[in-house]
Amino acid sequence: MSLRKYGWLFFTTLLLGGLGGALVAFIFDLEKLTESSAGNFFVGTLMYVLYGMTISIVAQMGFFAYMTINYFAKTIFKTPAMWKSVQVFLVVFVFFDMIYLRYTSLGDGGSIGPFLVEPILLLIVAVVTAFGKSNLTNRTAWIPTLFFMFVVTALEWIPALKEVDVHSTLSMLVPLLFCNVWQVMQLHRLVKRES
């Protein structure tokens, strides 16, 4: 990937993170933003946009960390099937941990039902993105895309998952998903000529 292509991916991902932050502002805090002056609305929206851009940097670090891990894993494991099996195992393991660890630390003996929402929502988005990526490229992209979208996004989402608060979890998830879906769906276009 050339520096020009990386710069394009960086800035478009940054803008999408800001867009995700603005979307969160309009969904959760529109009433608070519009209750006083226009200046308050613009400053409040700007703060959410900057927050989304900050989250986009986290998403980009996770993306390039995954690219590095994927490169080394392909050389460590003897066959591509072994690395794909490890990725599937890690998806299942992280799904279980997202439920179990959050329930044991935040559940207070209540129902486990509310702790199923976040992992199931993330898994649905990951599966849909994986199908989209495999339709645009080939079937071999399905498992790596699922792994990146579920496992890496879950790791990036950890600070918000330490609380039982819909606002904090979604305010981080929306920009993360905007950025991660964008990056994984653009990758094959950016590296097409080199490969």
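Trainee: Is threonine 169 buried or exposed?

Mentor: Some conventions come first: this is a predicted model, in which local features need pLDDT of at least 70, side-chain atom pairs count only at pLDDT 80 or more, and totals for chains, interfaces and linings use all residues. Residues are numbered from 1 along each chain as its sequence is written, and side-chain values use heavy atoms, with hydrogens and water left out. Buried means under 20% relative accessible area, exposed over 50%, and partly exposed in between (1.4 Å probe, protein chains only). Threonine 169 has a relative accessible area of 3%, so the residue is buried.

Trainee: In which helix is the place of threonine 169, and which residues is it in contact with, leaving aside neighbours within four places in sequence?

Mentor: Helices (H or I, at least four residues) are DSSP runs, numbered from the N terminus, and the place of threonine 169 is in helix α8, residues 166-190. Contact means heavy atoms within 4.5 Å. With neighbours within four places in sequence left aside, threonine 169 is in contact with Glu118, Trp157, Ala160, Leu161 and Glu163.

Trainee: Serine 171 also interests me; which residues is serine 171 in contact with, leaving aside its neighbours within four places in sequence?

Mentor: Serine 171 lies in helix α8 and counts as buried, because its relative accessibility is 6%. Leaving aside neighbours within four places in sequence, the contacts of serine 171 are Val24 and Tyr51.

Trainee: How many Å apart in space are glutamine 183 and threonine 13, C-alpha to C-alpha?

Mentor: Glutamine 183 is found in helix α8 and is buried, with a relative accessible area of 0%. Not counting residues up to four places away in sequence, glutamine 183 touches Leu9, Thr13, Ala59, Gln60 and Phe63. Glutamine 183 and threonine 13 are 170 residues apart in sequence, and their C-alpha to C-alpha distance is 7.1 Å.

Trainee: What is the orientation of α1 and α3 to each other?

Mentor: Axes are lines fitted to C-alpha atoms, for helices over the stretch in contact, and angles run from 0 to 180 degrees between N-to-C directions. Helix α1 (residues 3-28) and helix α3 (residues 38-76) pack at an angle of about 135°, and their axes are 6 Å apart. Angles under 35 degrees count as roughly parallel, over 145 as roughly antiparallel, 65 to 115 as roughly perpendicular and the rest as oblique. The orientation of α1 and α3 to each other is therefore oblique.

Trainee: By class, which residues make up the contact of α1 with α3?

Mentor: Ala, Val, Leu, Ile, Met, Phe, Trp, Tyr, Cys and Pro count as nonpolar, Asp, Glu, Lys and Arg as charged, and the others, Gly among them, as polar. In the contact of α1 with α3 the residues are 16 nonpolar, eight polar and no charged.

Trainee: Which residues of α6 does α3 meet?

Mentor: The axes of α3 and α6 come within 10 Å and cross at roughly 135°, and α3 is therefore oblique to α6. The residues of this contact divide into eight nonpolar, one polar and one charged. From α3, Val58, Ala59, Gly62, Phe63 and Tyr66 take part, and in α6 they meet Pro144, Phe147, Phe148, Val152 and Glu156.

Trainee: How many aromatic pairs does the structure hold?

Mentor: Rings of Phe, Tyr and Trp (its six-membered ring) pair if their centres lie within 6.5 Å; planes under 30 degrees apart count as stacked, over 60 as edge-to-face and the rest as tilted. The number of aromatic pairs in the structure is 16.

Trainee: How many residues apart in sequence are the parts that tryptophan 8 and tryptophan 182 tie together?

Mentor: Tryptophan 8 and tryptophan 182 form a tilted pair, 5.7 Å centre to centre with 45° between the planes. Tryptophan 8 lies in helix α1 and tryptophan 182 in helix α8, so the parts tied together are apart in sequence by 174 residues.

Trainee: Are tyrosine 66 and phenylalanine 148 buried or exposed?

Mentor: Tyrosine 66 and phenylalanine 148 form a tilted aromatic pair, 5.7 Å centre to centre with 45° between the planes. Tyrosine 66 lies in helix α3 and phenylalanine 148 in helix α6 (residues 142-156), so the pair ties together parts 82 residues apart in sequence. Both tyrosine 66 and phenylalanine 148 are buried.

Methods
Helices (H or I, at least four residues) and strands (E, at least two) are DSSP runs, numbered from the N terminus.
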